[in-house]
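Thank you all for coming.

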Amino acid sequence: MRALQYLEIGQPPRVVEIDIPEPGPGQIRLKVTAAGVCHSDEFVMSLPEEAYTFGIPLTLGHEGAGTVDALGDGVANLELGTSVAVYGPWGCGRCHACARGAENSCPYAAELGIAPPGLGAPGAMAEYMIVDDARHLVPLGDLDPVRNVSLTDAGLTPYHAIRTSMPKLVAGSTAVVIGAGGLGHVAIQILRALTGARVIALDVNEEKLALAKDVGAHEAVLSNADAPAAIRALTGGLGATVVFDFVGAPPTVTIASASVAIEGDVQIVGLGGGTAAVGFGVTPYDATFRFPYWGARSELIEVFDMAHREQVHVEIETYSLDDAPRAYERLHAGQIRGRAVVLPNG
């Protein structure tokens, strides 16, 4: 089969021929329908050799959907041909966090050698992929897998972040979304559907700001050194109740820290390498900083419930597997509107 793999540190991924995998006991093989292209992949491929821990070769793709193609021994109550999405943050399945479905918070996965697909385990940028356990599959029903595959991260991650700040996102509150790309444009829709917050979107160009307005942002502001003052002007000098930074680069973390209100939340979601300085005289009193990671299985089900109700959708561009390297080039150049989706069998 063909797969998109990261083969050499510092070099772009390539499409290669590898063997079709066979499912072991308890495992499931999917014929992959769609795989999302994410900035997290870029982060992984940008790491220097001394910091890289994901294995070589690495089949990319931590957002995956497909149809059940083969079952390993012991797998029951799962029919061949079922359309499913893959829940990515795999955990041990036995600890307290995993028992409540929060495998994204499993404290034992790393020491047990358990890695997410595309971030250590072979991912979805291939014609077939192996899923380690049936609990990591969520039925899609009549949802289009191509249009909805990216909800497994681009929907789940902002949903998880927003839920942890929901008590503050009441009527009259303000939510700032920094980065109106793959995750940010979904976050805006979730905020509009679930909260009474006024949504202010930030990005570096007018095209991304137009997308933010299209999906529901009340205000759109250029992301630059003047952004904190603009946000405070829009909020009567108070600042934002919650700031969601879906970039996480040093300049955006600085904007987030300078824009949050007293008793507000800053959620640094993006993997841009930025860090926040916190303390008396540096950040507003009682401000909380969080660093969310993916979300729980139950939250993914809830995200798909929102999609079924047409409360959230993903703007997508589609690519063949052969053209997947170009999708990453366009992502790096900031040219993707919403999310790029690769069709390995398309």
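Let me begin with a definition: a residue is called buried when its relative accessible area is under 20%, exposed when that value is over 50%, and partly exposed in between, using a 1.4 Å probe and protein chains only. What you see is a predicted model, in which local features need pLDDT of at least 70 and side-chain atom pairs count only at pLDDT 80 or more, while totals for chains, interfaces and linings use all residues. Residues are numbered from 1 along each chain as its sequence is written, and side-chain values use heavy atoms, with hydrogens and water left out. Helices (H or I, at least four residues) and strands (E, at least two) are DSSP runs, numbered from the N terminus.

With that in hand, which residues of helix 5 are buried? They are Gly184, His185, Val186, Ala187, Ile188, Gln189, Ile190 and Leu191, so that eight of the 11 residues in this helix, which spans 184-194, are buried and the helix is mostly covered. As for what covers them, and taking contact to mean heavy atoms within 4.5 Å, the list includes helix 4 (156-164), strand 9 (174-178), strand 10 (198-203), helix 6 (206-214), strand 12 (240-245) and helix 9 (297-308).

Next comes a helix pair, for which axes are lines fitted to C-alpha atoms, over the stretch in contact in the case of helices, and angles run from 0 to 180 degrees between N-to-C directions. Helix 1 (residues 39-46) and helix 10 (residues 324-332) pack at an angle of about 90 degrees, and their axes are 10 Å apart. The two are therefore roughly perpendicular, on a scale where angles under 35 degrees count as roughly parallel, over 145 as roughly antiparallel, 65 to 115 as roughly perpendicular and the rest as oblique. On the helix 1 side the contact involves His39, Asp41, Glu42 and Met45, which meet Tyr328, Leu331 and His332 of helix 10. By class, that contact has three nonpolar, two polar and two charged residues, where Ala, Val, Leu, Ile, Met, Phe, Trp, Tyr, Cys and Pro count as nonpolar, Asp, Glu, Lys and Arg as charged, and the others, Gly among them, as polar.

Turning to the rings, those of Phe, Tyr and Trp (its six-membered ring) pair if their centres lie within 6.5 Å, with planes under 30 degrees apart called stacked, over 60 edge-to-face and the rest tilted. How many aromatic pairs does the structure hold? There are five, and one of them is the edge-to-face pair of Tyr293 and Trp294, at 5.7 Å centre to centre with 70 degrees between the planes. Tyr293 is partly exposed at 42% relative accessibility, whereas Trp294 is buried at 4%. Trp294 lies in the loop between strand 14 and helix 9, and its phi is near 50 degrees, a positive value in a residue other than glycine. Elsewhere, ring pairs link Tyr6, Tyr52 and Phe54 into a cluster.

Two further backbone details deserve a mention. Asp286, in the loop between strand 13 (260-268) and strand 14 (288-290), also has a positive phi, about 65 degrees, without being a glycine, and this residue is exposed at 58% relative accessibility. A cis peptide bond, with omega about -5 degrees, joins Ile56 and Pro57, and Pro57 sits in the loop between helix 1 and strand 4 (58-59).

I will finish with separations. Thr33, in strand 3 (residues 28-37), is 33 residues from Gly66 along the chain, yet their C-alpha atoms are separated by 4.4 Å.
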